[in-house]
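The following paragraphs walk through an interface and then a loop residue. Please keep the sequence and the structure side by side while reading.

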Amino acid sequence: MNYSLLAPEFIVLGTAVAVILVDLFASNKKTLVGLSVAGLIASIVVAAFQWPSTPQSLFGGMIAHDSLAGFFKIFFPIMAGLVVLASADYVENFKKFQGEYHALVLLAALGMMLIAQSSNLITLYLSLEITAVSFYVLVGIQKDKKSTESALKYVLLSGVASAVLVYGMALVFGFTGFTGLSEIAGALQSMPPSHILGSPGLLMGLIFVIAGLGFKIAAVPFQFWVPDVYEGAPTPITMYLSVASKAAGFALVIRVLSSAFIEPSALANQWAPVVAVIAAIGMTAGNLMAIPQRNIKRLLGYSTIAHAGYMLVGLAALGSQPSNSSLAIGSVLFYLICFAVSDLAAFICIIAVSRQLKSDDFPAYAGLARTSPIIAGALTLALLSLTGFPPTAGFLAKFYVFNAGVQADLLWLVVIAAINTVISAYYYFGVIKVLWLRAPAAPATVPASNPLKTALAISTIGILILGIVPAAALKLSEAAAAIFVP
Amino acid sequence: MHIPLLTLTIAIPIAGMLLIAFWPRLSPRTIKWVSLVATAIPLLVSLFVFAGFDRSDSMSGVMQFTEKLSWIPLINANYSLGVDGLSLPFLLLTTFIGFLVILISWKIDLRVREYFAWVLLLQAAITGVFIATDFLLFFIFWELELIPMYFLIAIWGAGRREYSALKYVLYTLLGGAFILAGILILYFATGSLDMVNLINTDLTGVMKSGMLALTFVFFFLGFAIKLPVFPFHTWLPDAHTDAPTAVSVILAGTLLKMGGYAMIRINAAMFPDEALKFAPVILVLAVINVIYGGAITLKQTDIKRLIAYSSISHMGFVLLGIFALGQISMVGASLQMVSHGIITGLLFAIVGVVMHNSHERSIPKLGGLANQMPRTAVIFILGGLGAMAVPATSGFIAEVTVFLGSFSSGVVGGIQVFTLLCLLGILLAAAYILWTVQRVFFGLPHPKFEGVHDADRVEQTFSIIFIAAMFVIGLYPRVITDIIDSGIRPIAAVFGGS
């Protein structure tokens, strides 16, 4: 048993405990921010040193230590760190719970790190719930009416999704006799394809698993919780949900689909069209529903549904052509990184604005380019990146995913995705228009603390670096995807 | 030391933009001077490239002044630039108009800092389109141009500016999506993003013919929106009419040329069989462009909209020249693009002067301006002569080359009919230009325009430069036709026409 390979997780857990303890004694709550960030940086450093060159299986196959896990063990602490920095101002809104807030952010990160390395349905479910429970509380931590309502909505719907997921897992276990993903894959490979395709129970299990996971990544038709929860949650948590929790969902989907249900390809070719259709409907519905929104958090909520759709194009490509899995998975991972920096930058601007103007509706953003050019510029850059304009991260991300789609002969899906890009430009430019063309509502500039500025600088520079010199991130994504090369 | 000249033509406007955008406390006057320098240097650099360009036969169709750096090795994408006989005239045109546009913008006083920053970014993006030889890089510049255009039209424009700006973005983005799909298909068939390499690859060997045709159509749709070709032209009058003067000049002068340039470089050079197959359909569109565009122009009462529609008609000539697929006709099409860039640039600029000084753009309400603005009238008339293709102007030599080349190209069946139909465009042009001159500048002087200023010194300066360029090409076309010819020859050789 090599416990040292779980050191990053233990560091995050230890930091969470330390935060709660320090909270009891510290009078200056800013130390919590410093402590959390320090712990996260430590875990990132350790995870980077432990980057797995060869895949290993730990704890009797419950935990995988491979490059995909390594990728997310770095990704999630970075996201959590940026959330902590970005919420440094926001936590003033719930002064009493700062310790709990930071601890829960860390615990959610811990859960997501574990999700990425679970190679067994049981660990997978457990880590999923660690994450989910942390998020339930975080969504409701503001304790006002809206926040409470969103938290309740999130608990109930997420609970149903978990139930569906467990049911699916049970069916899969029943038909294959295993809970380990690689054992499931082995069992499926030894069955004749006709037997697999002829057993509705197994396919139903697969569908239920996809459905349960679809909720987590807010894929259509499991997206309805998104706008309400996003709107009601504290903005930093909305950001955390939209970026990290979605990435965790994708880590899970990639892990499950690509290691357990990829071979024989007859099976993969069964779920690929389902994923492709979900992708097509998801991006279209997300984009169309975003158009009438006048609250920027809701708008971004709908737009993340669309972005989940774009990412699913990569997964559909994986299923259609399993032999090219490293391109397909690499494209999804690269999209995740690019989407993360862009969405983070956008939400950080929103956090700054909403603190000053106490509103997330469009009129509050009027003329921001005149009053706070830096915030307006960063938000514009983030929105352009989300649209997919060069030379930003979003463009290369789309290029990569479309790339995978065309390669897997999914030209029709890529064309739909490309047309959706045009639709999305319409509403993103709606926001840009308000920022630059309207007269300012209030002459005041938007103040921002140093931690928030740091987080904003990291994410905006990330948008440009990923868009102009993406080689390093691309290499990382492809390296992480390389474990699945058959 | 090797100086990366082509990179300079992109990097200097971008450096100027960054300086303007982020250096606090620059006075509007300084900003204008910085912009002028940041566009003057690229103009000088491209003149230097023009002078040093190897015109010998052995170099025809070969990229010169190439620069290549590995950029995203994972997908074989390079940062690679280069000019051949086809792109060099457009590089010159872009830097030339880019420089004049700063002079044309001299009177801008609204949000000066942002305005000039966007103009410089726009300039860099358009330049990049013409000199990029890597598909991904080409596409990035192609799309990058949209963002400054949006802001320039939406903030400094007039009329329904926000609507027009968004319409422009959405149309072009849709076109971009098709181009991107085409690039990806090509990339998967060949594993290369290198445009020179792809031109020299026989794609029929690596792709099914149905797929080739689809790719051709994808590219064509994308470029047709930009050129613009009927029925994808509706964004153009809106964008032109509502854009500020300088942006109209860029739009007509260089942006539209991206479409024509790419059609030759990609549609004709990479897909010769498909180009031949689709030529009759496209030529029908060309005829529609010329005649429909010309006829609609006659109806216009807004002076800016009138010139915008005349561009649609003139771009029909370009389309005719390209898809007649003859060597002379394609040279003519390129020449027509350069010439139209100069002439329409001049017309838009001087219409801007008329509008700015008289505060009126509706033709029926104008009249007799030659009395108050004699210099402006002369300049407009000279530009009009170019647009009507009067001998000695660049317009004449360009259109003659297009028509002679198309009529005798012999590559596409029935080309003579298409050419003769397009000739009607010349008549229409004469009609709308003369009628406009008559209604705007002659007739009885209007009392309300008493005391209207004539073109001032800056305006006269850029007008003279435009007019000089128009006559230089008109009187001695070889100054650029030799170069264009060296770029076109290898492309036209595939079709075997004259």
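Buried area is the accessible area (1.4 Å probe) that two parts lose on being put together, summed over both. Between chain B and chain A it comes to about 3,200 Å², and carbon and sulfur atoms give 83% of that. The model is predicted, so local features need pLDDT of at least 70 and side-chain atom pairs count only at pLDDT 80 or more, while totals for chains, interfaces and linings use all residues. Residues are numbered from 1 along each chain as its sequence is written, chains are lettered from A in the order in which they are written, and side-chain values use heavy atoms, with hydrogens and water left out.

Contact (heavy atoms within 4.5 Å) involves 37 residues from chain A and 33 residues from chain B. Two salt bridges are counted between the chains, each being a side-chain nitrogen of Lys or Arg within 4 Å of a carboxyl oxygen of Asp or Glu. One of them joins Lys433(A) to Glu162(B), at 3.9 Å from N to O.

H7(B) gives the most, with 12 residues.

Within chain A, Arg294(A) sits in the loop between helix H12 (265-290) and helix H13 (296-320). Beyond its neighbours within four places in sequence, Arg294(A) is in contact with Asp360(A), Asp361(A) and Phe362(A). Arg294(A) and Gly430(A) are separated by 136 residues in sequence, but by 9.6 Å in space, C-alpha to C-alpha.

Notes
Helices (H or I, at least four residues) and strands (E, at least two) are DSSP runs, numbered from the N terminus.
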